[in-house]
Amino acid sequence: MIEITSKNVVDLIEDIFLRRGAESYLGEQVTMAQHMLQTAQCAEKAGADIAQIVAALLHDIGHYKNEIPESSFAKGVNNFHEEAGANFLEEYFPASVVEPIRQHVAAKRYLCAVKTDYFERLSEASVHTLNLQGGPMNEKEIKEFENNDYLDHCINLRYWDEEGKDPDREHPPFSYYRPLIDSLVKN
Ligand SMILES: [Fe+2]
């Protein structure tokens, strides 16, 4: 694997989208690229800032296990995709991008615990993974989660994540979002 730097990281990300975007998103009607591009589109339509749009676009990058360095997995306490993706991206992007990505599974567990109508939004596959991910948060977990500096961003991303699973929706290509990603890379 070539060495990843702040100069080539966006090329690498684009390459993953173009080469592997057509793969299916487990149990959903959309491909991985459709899902991530639609999630970004939802963020943009909601008037979100650039960091939130980029977080939405990249939130599932950790599903491409063998595309990101093994160290991104080794760094964390588990091998879960949200943590691996965040560990990879944190070298190159600010916390405003990385933190909502790291928390996007926790945000689902949080919302299932605190918002009675949220559970109904979940797709069948998302309900299935919720159970594997520990189910709704308990009181202690809820309090901890609410301490996050990016709490609102984490929650927003989760709603867009659920929304970005429509096989019939048109969405912009990766190239449309590329300048936004480039603008946030840390030097
Ligand atoms: Fe997702």
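1. Donors here are N, O and S atoms within 2.8 Å of the metal; water is not among the atoms, so a site may look incomplete. The model is predicted. In it, the iron ion has as protein donors His35 and His59, each through NE2, and Asp60 and Asp161, each through OD, at 2.2 to 2.3 Å.

2. The iron site is irregular, with angles of 78 to 168° among its 4 donor atoms. Four donors count as tetrahedral if all angles lie between 85 and 135 degrees. For reference, the ideal angle for four tetrahedral donors is 109.5 degrees.

3. Along the sequence, the donor residues follow the spacing H-x23-H-D-x100-D. Histidine 59 and aspartate 161 link distant parts of the chain, 102 residues apart. Histidine 59 sits in the loop between α3 (50-58) and α4 (70-74), whereas aspartate 161 belongs to helix α10 (residues 151-163).

4. Histidine 81 is in helix α5 (residues 81-89). Its relative accessible area is 14%, so histidine 81 counts as buried, the cut-off being under 20%.

5. What does histidine 81 touch, leaving aside neighbours within four places in sequence? Its contacts are His59, Asp60, Gly62, His63, His104 and Val105. Among them, His59 and Asp60 are also protein donors of the iron ion. With histidine 63, the side chain of histidine 81 makes a polar contact of 3.4 Å.

Terms used. Residues numbered from 1 in each chain as written. Predicted model: local features only at pLDDT ≥ 70, side-chain atom pairs only at ≥ 80, totals over all residues. Heavy atoms only, no water. Helix = DSSP H or I, 4+ residues; strand = E, 2+ residues; numbered from the N terminus. Buried < 20%, exposed > 50% of the residue type's maximum accessible area, 1.4 Å probe, protein only. Polar contact = N/O pair within 3.5 Å; in protein donor to acceptor, adjacent residues only side chain to side chain. Contact = heavy atoms within 4.5 Å. Donors = N, O, S within 2.8 Å, 3.2 Å for Na, K, Ca; no water. Tetrahedral: all angles 85-135°; square planar, octahedral: opposite > 155°, others 65-115°.
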